[in-house]
Amino acid sequence: MTGNIRNDIFFRLSPIRSVLFLSAILLLSGCAEVSIQPQNSILFMDSEIAGCSVQNREIEKFIFGTGDDVVLVIGAIHGDEPASAVLAHQLVRYLRENTSSIHSKKVIIVPVVNPDGLAAGTRTNANGVDLNRNFPANNRVDADWAGYSPLSEPESRLLFHIISEHGVGRIITIHQPYGCIDYDGPAKHIAEKMGEHCDLPVTKLGGRPGSLGSWAGLTMGIPIITVELFGEDINCTPDEIWQLYGRAILAGIYN
Ligand SMILES: [Zn+2]
């Protein structure tokens, strides 16, 4: 079914549409002041500026629910993967409109981990470091592209602190463009469940040195699922991206 949806919704990206698409992402991930919005005693949603990037762009964090079972969902740790940020923002929108779906969970969403990279269209942050190679995994290497020490970058430090502070028990990290679902740590059953709800095959890509997957999944034993969207998903509207992958993300949170 998702394959048919994909065929129906693809259209070419015009230059104007490209500018609008990027502008929408930057607006969604931008520096507007946000407020804490408690909704009721059971369901709680708050959004806040969790920290700042190298170039002082704000990094926004959304929290839904108050449960002890904590799931972290992140997008755009690589700045040249903008559809990942769109899907994460769509999850925020869905949970805002469907608060009863939270149950006993706490769902934390950081839609844009690397706002400088997203603004520049680069994989790395403004220091030229691949944030997804900057975590204190057992397989980490020191290099200019990975940082010369683990957590040398403010964006990766921020994620590390969120995971530690909230006792995150599961991570879903959204990327492009390999078109598959990868996992590290004890997450195979979750990845397979997610695969039942979209047309991404479950494929083991292997732990990259110093990646979030290597650190969280292999070093810390936290189930982590990497959702690799297709490169052409940049041509989709936010609603279309949610239509393609929303059910898979929800399956990853709730299974
Ligand atoms: Zn990536």
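Which residue in E5 is the bridge partner of valine 73? The partner is isoleucine 109, and this pair is a handy place to start a walk through the chain. A word on the model before we set off: it is predicted, with local features needing pLDDT of at least 70 and side-chain atom pairs counting only at pLDDT 80 or more, while totals for chains, interfaces and linings use all residues. Residues are numbered from 1 along each chain as its sequence is written, and side-chain values use heavy atoms, with hydrogens and water left out.

Let us take the whole chain next. Of the 255 residues, 53% are buried, where buried means under 20% relative accessible area, exposed over 50% and partly exposed in between, using a 1.4 Å probe and protein chains only.

Now back to strand E5, residues 105-110. All six of its six residues are buried, so the strand is largely enclosed by the rest of the structure. In a regular strand the side chains alternate between the two faces of the sheet. Here Lys105, Val107 and Ile109 point one way from E5, while Lys106, Ile108 and Val110 point the other way.

E5 has strand partners to meet, and two strands pair if DSSP finds at least two bridges between them. Strand E4 (residues 69-75) runs parallel to E5 and is joined to it by six bridges. Strand E3 (residues 58-64) runs antiparallel to E5, with three bridges, and its phenylalanine 62 stands opposite isoleucine 109.

Between E4 and E5, follow the chain through helix H3 (residues 82-97): the three elements make a right-handed β-α-β unit. Right-handed means that, with the strands pointing away from the viewer, the path from the first strand over the helix to the second runs clockwise. H3 is mostly covered, with twelve of its 16 residues buried, among them Val86, Leu87, Leu91 and Leu95.

Our last stop is serine 149, in the loop between helix H4 (115-120) and helix H5 (154-166). Serine 149 counts as partly exposed, at 33% relative accessibility. Leaving aside neighbours within four places in sequence, serine 149 is in contact (heavy atoms within 4.5 Å) with Asn134, Arg140 and Asp142. The C-alpha atoms of serine 149 and phenylalanine 135 are separated by 8.8 Å, and these residues are 14 apart along the chain.

How values were computed. Helices (H or I, at least four residues) and strands (E, at least two) are DSSP runs, numbered from the N terminus.
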